[in-house]
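Student: Please take a close look at one part of this model. Then go on from that part to its surroundings, in a single connected answer.

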Amino acid sequence: MQKLINKAEKTHILEREEISFLLRDSSVNDELFNAADRIREENVGREVHLRALIEFSNVCKQHCKYCGLRAENKNLDRYNIDEETIFKFAEKAAGYGYKTVVLQSGESNFYSEKQLVSLIKKIKSLNMAVTLSIGEKTFDEYKAYKSAGADRYLLRIETTDKNLYSKLHPDMNFENRINCLYNLKDLGYEVGTGCLVGLPEQTFESLADDILFFKKLDADMVGIGPFIPNPDTPLKDEKAGSFILALKVMALTRLLLPDANIPATTAMETLDPNGRILALQSGANVVMPNATEGEYRKKYELYPGKICINDTPAKCSMCINAKILSIGREVSKDYGKSKHFIKRIK
Ligand code: SAH
């Protein structure tokens, strides 16, 4: 076991069976987390990059079986924040010192391409990096957002198990999602993907495939989170994913993609009150504090128990800054471009 970790630390290569072996076995978890922490330090340093997350709409036309925003969920009070207000949230986020805004929403056509282009341009005038996380769009739409100034795009593959993918995403197409990721790369975005851990029927082998997919895509960022059952979805009676298994998938991702940006995800902290700190000590180098104001935060309910739903952006900013300093790390003052991306486009 230890030999496999040594190999991964040295070569950043593991076979599918080796990854699934490490995921199944729990005798060397601490060694795995420590190795990922070392590789993080060597390749991306001790700085933690903060991204202000603005959840600007919970309207969604998709039917992802795990997600609370799915179109069929009638128990969710839907909202679309107007562009002026979204811009105000971004301005406030800049005021707290954030250098990146992540605009996230369900997948819908409520905002026209023109509206999003103008919003991106306005936010870029604040001298911030802009990350979009708004789902599957056409090549031309991605191109328009890039031309407007968008820097990065997050689109998790969710699972690379095609069979499971089609069960969980009725009416969606696995190949199209992959296509979207390659389109984003071709257009020059910093590309982020990732997966859910602990989905019903998901195997250790399929998680190994997920990690190998991140490597094959040559992802600049990878976000990994445990699946948390939502009572308003068809998966309400399923078991939640394990925090430790999600942490292991993340640590192995760090070993195989040494210079990628890897967030300590909100879902991890939902399952363990110290989840994001443990993640930062097991390979992660990014945190995405919530910068959505007012009642919207509660209504962006992907899964139950989401942290900080009653807090303000000011509180989240102070809290995460203190946590990062408490473990001897630093909050980055720059845009936090993925080191992997910088090398990739050279
Ligand atoms: N519509 C955008 C953003 C989706 S929401 C898109 O398609 O990319 C952001 C992420 O929340 C999803 O990628 C998914 O991985 C995660 N998520 C959704 N439901 C979840 C649940 N029940 N438990 C844990 N994570 C969940």
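**The open sheet and what surrounds it**

Tutor: Four strands form an open sheet in the order S8-S9-S1-S10, and their pairing is parallel. The model is a predicted one: local features need pLDDT of at least 70 and side-chain atom pairs count only at pLDDT 80 or more, while totals for chains, interfaces and linings use all residues. Residues are numbered from 1 along each chain as its sequence is written, and side-chain values use heavy atoms, with hydrogens and water left out.

Strands (E, at least two residues) and helices (H or I, at least four) are DSSP runs, numbered from the N terminus. Strands of a sheet pair through backbone hydrogen bonds, either parallel or antiparallel. Here two strands count as paired if DSSP finds at least two bridges between them. Strand S8 (263-264) and strand S10 (330-331) are the edges, each pairing on one side only. Strand S1 (residues 47-50) is joined to strand S9 (residues 286-287) by 2 bridges in the parallel sense, and Leu50 faces Val287 in S9. Helix H14 (residues 313-326) packs on this sheet and touches S1, S9 and S10. The direction of H14 makes about 165° with that of S1; axes are lines fitted to C-alpha atoms, for helices over the stretch in contact, and angles run from 0 to 180 degrees between N-to-C directions.

His49 belongs to strand S1. His49 counts as buried because its relative accessible area is 6%; buried means under 20%, exposed over 50% and partly exposed in between, with a 1.4 Å probe and protein chains only. Beyond its neighbours within four places in sequence, His49 is in contact (heavy atoms within 4.5 Å) with Asn261, Asn285, Val286, Val287, Ser332, Asp334 and Gly336. Glu31 is 18 residues from His49 in sequence, and their C-alpha atoms are 25 Å apart.

Elsewhere, strand S4 (residues 129-133) has 5 of its 5 residues buried. Ala129, Thr131 and Ser133 lie on one side and Val130 and Leu132 on the other, so both faces are covered. Strand S3 (residues 100-105) pairs with S4 in the parallel sense over 5 bridges, with Thr100 opposite Ala129 in S4.

Leu132 is also among the residues with the most contacts inside the largest nonpolar core, which has 105 residues. Such a core is a set of buried Ala, Val, Leu, Ile, Met, Phe, Trp, Tyr and Cys residues joined through side-chain atoms within 4.5 Å. Helix H10 (residues 243-256) gives the most to this core, with 10 residues. Apart from this core lies another, of 6 residues, including Leu53, Leu154, Val286 and Met288.

Asn230 sits in the loop between strand S7 (221-226) and H10. Asn230 is classed as buried because its relative accessible area is 2%. Its contacts, leaving out residues up to four places away in sequence, include Tyr66, Leu302 and Pro304. A polar atom of the Asn230 side chain is 3.0 Å from the backbone oxygen of Leu302, a polar contact (N or O atoms within 3.5 Å; within protein, one must be able to donate a hydrogen and the other to accept it, and residues adjacent in sequence count only if both atoms are side-chain atoms).

Tyr66 is also one of the nearest of the 18 residues around the ligand, where near means a heavy atom within 4 Å. Oxygen atoms of the ligand lie 2.8 Å from a polar side-chain atom of Arg156 and 2.6 Å from one of Glu158.
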